[in-house]
Amino acid sequence: MRRDALYFPGLVPTKFSSVEDFLRTNDYARRRIEVADEVLGYSLLDSYAEAEVYDWEVYESGFMALTLALADWALDHVEINPVLCGGQSFGAINAAVFSGSLSYVDGLELVRSSAKVEIEYFEAQPEPLGCLFFYRLNSRQVDELVDAFRSDGHDVEVSIYLDDAVHAVSGTLADLELLEKRVREAGGYPFYTMNRSEHCASVRPLRDRLETEVYDRVTWRSPKWPMLSDVTGELLSDPEEIKQDLLDGWVTPVHWSTVVEGMRTARTEHAHIIGPRNMFARITNNALPTDVITPKKVADHEAAATANRVPR
């Protein structure tokens, strides 16, 4: 039987209109939303419809419900033999929930509590912090650009090497504004600036606060499938190791090559990327056969099933 990987992408800006039909009409989504409403104490769909990506609690809870519902559907409708489950950045939390290392209720509680700690932490910083995403520069160019920028006295860190063309750098928003100009001058294309730093050593105090104030207060279990670390590329089954790995993701730059090598080492033959359409499927498909589990895939599948039932 084929060896498959279930992989949850990181939190990407997604228009509610592009996922609304799935969230409102799909039975798997409605079950996830119903639980979220009970845990959060408000209508997640109504709040998600109005949320910006910076409304962390609502946006992350909505993204979690969406991706978990897609994964629920996939297990029932797509031929999948999971040998591992993983995720990048916030996607790793979704993977922990779907693999059973965290209950869904604990996953939602973790999101809500983490958002409060993160907002408090970043608002208390002497200067606003952020993370600049850009593409069209390779990793060597990015390292040279950042090294030169740091030598000029700017405290920035590379946070993400998604592939050899998509990168992100964390630092103060003032420094990132200057860096954005240098990225453009070097031929790069900045496309998104997040209002917080991540995947960098400078947020170690936040990582430590999250451990004691949030992660230590939920229950961690052995997963149904081994969890693929996006920090080390190793397969993890011990609950404490999974918890520490998710926390260490805050202070460790993302290297997509680490994830791909982890899949290869686990002898993965096929990857299923679960979530709204994004660049992850493209870059994973460069390494091994990949398909996507998106709201559109669900809609197309259901439309085809309906057409086959119509008498001719």
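**Cysteines of the predicted model.** The count of disulfides, pairs of cysteine sulfur atoms within 2.5 Å, comes to zero. This is a predicted model, in which local features need pLDDT of at least 70 and side-chain atom pairs count only at pLDDT 80 or more, while totals for chains, interfaces and linings use all residues. Residues are numbered from 1 along each chain as its sequence is written, and side-chain values use heavy atoms, with hydrogens and water left out. For C131, the closest cysteine sulfur is that of C200, and the 7.3 Å between the two sulfurs is too far for a bond. C131 has a relative accessible area of 0% and is buried; buried means under 20%, exposed over 50% and partly exposed in between, with a 1.4 Å probe and protein chains only. C85 is also buried, at 0% relative accessibility.

S159 belongs to strand β4, residues 157-161. Strands (E, at least two residues) and helices (H or I, at least four) are DSSP runs, numbered from the N terminus. With a relative accessibility of 0%, S159 is buried. Its side chain makes a polar contact of 2.7 Å with the side chain of S170. A polar contact is a pair of N or O atoms within 3.5 Å; within protein, one must be able to donate a hydrogen and the other to accept it, and residues adjacent in sequence count only if both atoms are side-chain atoms. Contact alone means heavy atoms within 4.5 Å. Beyond the neighbours within four places in sequence, the contacts of S159 include C131, H199 and C200.

**Packing of helices α9 and α10.** Two packed helices are described by the angle between their axes and the distance between the axes. Helix α9 (residues 204-213) packs against α10 at about 145°, with the axes 9 Å apart. Axes are lines fitted to C-alpha atoms, for helices over the stretch in contact, and angles run from 0 to 180 degrees between N-to-C directions. R207, L210 and E211 of α9 meet Q244, L247 and D248 of α10.

**D248 in helix α10.** D248 lies in α10, which covers residues 239-248. D248 is partly exposed, at a relative accessible area of 25%. Apart from neighbours within four places in sequence, D248 is in contact with R207 and V231. H199 is 49 residues from D248 in sequence, and the two are 8.3 Å apart in space, C-alpha to C-alpha.
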